[in-house]
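Please open the structure in your viewer and keep the selection panel at hand.

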Amino acid sequence: MTEFVPHPILDPAVIPRGSQQLLRELPKERLAWMLQKMCEIRYFEEKAEELYVRGLVHGTMHLSIGQEASSVGSIAALRPDDLIIHHHRGHGHTIAKGADLKRMMAEFLGKECGYCRGRGGSMHIADIPGGNLGATGVVGSGIPTAVGIALALQMRRSPQVLLAFFGDGAVNLGEFHEALNMAAIWKLPVVFICENNQYGMSGPAKVMCAVQPLSVRAIAYNMPGQTVDGNDVLAVYQVTQAAVERARRGEGPAFIENYTYRWRGHSKSDRNVYRTQAEIDEWKQRCPIARFKQLLIEAHVLTPEEVETIDAQAKMAIERAAEEALVCPEPSPENLEAEVYAP
Ligand SMILES: Cc1ncc(C[n+]2csc(CCOP(=O)(O)OP(=O)(O)O)c2C)c(N)n1
């Protein structure tokens, strides 16, 4: 009998690293934009958390603190008119895709000037003109929807590409497999991005998934698959860009696994009993923002002063967005149903 050889489990040696070459090739402004967006996401979520604790944000919310490089590196590979569809942990995607920070914060606060006029909240922000086709709280449901959107793009002969984001908890759903198969046979212009933050609520991906790394599953659908260090913004950019351009050439979908970690609990009601503080602290040492700042300074792309200016401006932009959102009007009870249902 042939000896069974398991696929090698995630080994940092086989994960692409953001190349020094990219630091030289990408315009300084583009690299500065990546840092700016990562800082905005971090400060936005910290602010949202503060407002939640003060009782000003209703419902729940899912923070992606620690995962900023995954959102920004992926979306940096898109053209402005490309599209995204994403999931409940989606604040980072929304900000990276260019959302207005005040309208976003207003949505969290249930205000009339929010993206969904305060009707949707943290999990349902869509910005159609900005190419953000929305998030959904139903795990995995964006994946088949992505196939439908990508089919529409193909039928219209559009040059646009769609990124479909989801978590590791979504890859064991039947619709994930059905969708990847269909996208592959029709060579649709979609890139599937699994943000493996290592837990689906309290379930560790290493225990819940029969195969590691998750990108191995791409083999079953005859599409390229790649696991990438999801805390390395340039590595994420590099891999996504290759997949996006391949999709744009009509060569079909790809499956990327951004291996990362969420610092906060699953949602606001999580007491973190399924993991240790030591593990969380260890991942905080791999902070994607601190790491990118250091890289930019060491490569002499930005001075330490320029880095700190970008950071401070991001913080100020969030403070301003929150202040302005807090004074936006509340929705009126008379028109609460407006724009909830299609006319
Ligand atoms: C179909 C469905 N099943 C269960 C849930 C409850 N639920 C919400 S988030 C979540 C875990 C999702 O984990 P993952 O996909 O890894 O994303 P993450 O939260 O880690 O970003 C679950 C089970 C849901 N919202 N939808």
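Of the contacts in the protein with a separation of 6 or more, 75% are between residues 24 or more positions apart; a contact here means heavy atoms within 4.5 Å. This is a predicted model, in which local features need pLDDT of at least 70 and side-chain atom pairs count only at pLDDT 80 or more, while totals for chains, interfaces and linings use all residues. Residues are numbered from 1 along each chain as its sequence is written, and side-chain values use heavy atoms, with hydrogens and water left out.

**The whole chain**

Along the principal axes, the C-alpha atoms fill a box of roughly 70 × 50 × 45 Å. The radius of gyration of the protein is 20 Å, which agrees with the value near 20 Å of a compact globule with 343 residues; the radius is taken over C-alpha atoms, and the globule rule is 2.2 Å times the number of residues to the power 0.38.

Now switch to a surface. The accessible surface comes to about 15700 Å², and 56% of it belongs to carbon and sulfur atoms; such areas come from the Shrake-Rupley method with a 1.4 Å probe, and for residues only the protein chains shown count as cover. Of the 343 residues, 54% are buried (buried is under 20% relative accessible area, exposed over 50%, partly exposed in between, with a 1.4 Å probe and protein chains only).

**The largest pocket**

Next, select His-87, His-88, Val-139, Gly-167 and Gly-169, which lie nearest the centre of the largest pocket among its 27 lining residues. On a 1 Å grid over the protein atoms alone, a pocket is an open set of points with protein on both sides within 12 Å along at least five of seven lines, a cavity is a set where a 1.4 Å probe fits but cannot get out, and lining residues have an atom within 4 Å of a point. The volume of this pocket is about 300 Å³; grid points are joined across faces, edges and corners, and a volume is the space filled by probe spheres set on the points.

Which element gives the most to the lining of the largest pocket? It is β3, with three residues. β1, α6 (142-155), β3 (162-167) and β5 (199-200) each supply at least two. By class, the lining has eight nonpolar, 15 polar and four charged residues (Ala, Val, Leu, Ile, Met, Phe, Trp, Tyr, Cys and Pro are nonpolar, Asp, Glu, Lys and Arg charged, and the others, Gly among them, polar).

**The cavity**

The structure holds one cavity of 30 Å³ or more. The largest cavity has a volume of about 40 Å³. Select its lining, including His-86, His-87, His-88, Ser-122 and Ala-135. Two or more lining residues come from each of β1 (83-87) and α4 (91-96). The lining has three nonpolar, seven polar and no charged residues.

Select Lys-187, in the loop between α7 (174-185) and β4 (190-196). Lys-187 has a positive phi of about 50° although it is not a glycine, and it is partly exposed at 47% relative accessibility.

Move to His-300, between α11 (288-298) and α12 (304-326). Its phi is near 60°. Is His-300 buried or exposed? With a relative accessible area of 71%, it is exposed.

Finally, select Pro-213, in the loop between α8 (205-208) and β7 (225-229). The peptide bond from Gln-212 to Pro-213 is cis, with omega near -10°.

How values were computed. Helix = DSSP H or I, 4+ residues; strand = E, 2+ residues; numbered from the N terminus.
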